[in-house]
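Q: Could you walk me through reading a few features of this model? I'd like the general idea each time, then the case at hand.

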Amino acid sequence: MTEAQVEFGNVWQRTLAVLDDAGIPAPQRAFLRLTRFVGLIDRTALLAVPDDYTKDVIETRVREQVTTA
């Protein structure tokens, strides 16, 4: 499947559902819901966040869980 064929919004919604099922704490889920999956760069997901604080929370508190999901 090429990148053009990937529906990033659907992939992100499924990822959020997996993370919810995994028991991610509510505050961290709230930050994840502020993000959008906008692309792939060499097998790395590119997430758009609204501000630096959200970026910091995602990179430091849930990065591993997001990567696994």
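A: Patches are built from residues with over 30% relative accessible area and no salt bridge, joining like charges within 9 Å and nonpolar side chains (Val, Leu, Ile, Met, Phe, Trp, Tyr) within 5 Å. A salt bridge here is a side-chain nitrogen of Lys or Arg within 4 Å of a carboxyl oxygen of Asp or Glu, and the areas come from the Shrake-Rupley method with a 1.4 Å probe, where for residues only the protein chains shown count as cover. One caveat: the model is predicted, so local features need pLDDT of at least 70 and side-chain atom pairs count only at pLDDT 80 or more, while totals for chains, interfaces and linings use all residues. Numbering runs from 1 along each chain as its sequence is written, and side-chain values use heavy atoms, leaving out hydrogens and water.

Q: Which residues make the nonpolar surface patch?

A: Val38, Ile41 and Leu46 make it, with an area of about 240 Å².

Q: Is Val38 buried, partly exposed or exposed, and why?

A: Buried means under 20% relative accessible area, exposed over 50%, and partly exposed in between (1.4 Å probe, protein chains only). Val38 counts as partly exposed because its relative accessibility is 35%.

Q: Where does Val38 lie, and in what sense do S1 and S2 pair?

A: Strands (E, at least two residues) and helices (H or I, at least four) are DSSP runs numbered from the N terminus; two strands pair if DSSP finds at least two bridges between them. Val38 lies in strand S1, residues 36–41. S1 pairs with S2 (residues 44–48) in the antiparallel sense, over five bridges. In S2, Ala48 is the bridge partner of Arg36, and Thr44 is that of Ile41. The hairpin has two residues between its strands, and Asp42 takes a positive phi near 45 degrees.

Q: What does Gln28 touch, leaving out residues up to four places away in sequence?

A: Contact means heavy atoms within 4.5 Å. By that rule, Gln28 of helix H2 (residues 26–33) touches Arg61 and Val62. The C-alpha atoms of Gln28 and Val62 are separated by 7.3 Å, with the two residues 34 apart along the chain. Gln28 is buried, since its relative accessible area is 16%.

Q: And where does Ile24 lie?

A: In the loop between helix H1 (8–21) and H2. Ile24 counts as buried, because its relative accessibility is 4%. Leaving out residues up to four places away in sequence, Ile24 touches Leu19, Arg29, Val62 and Gln65.
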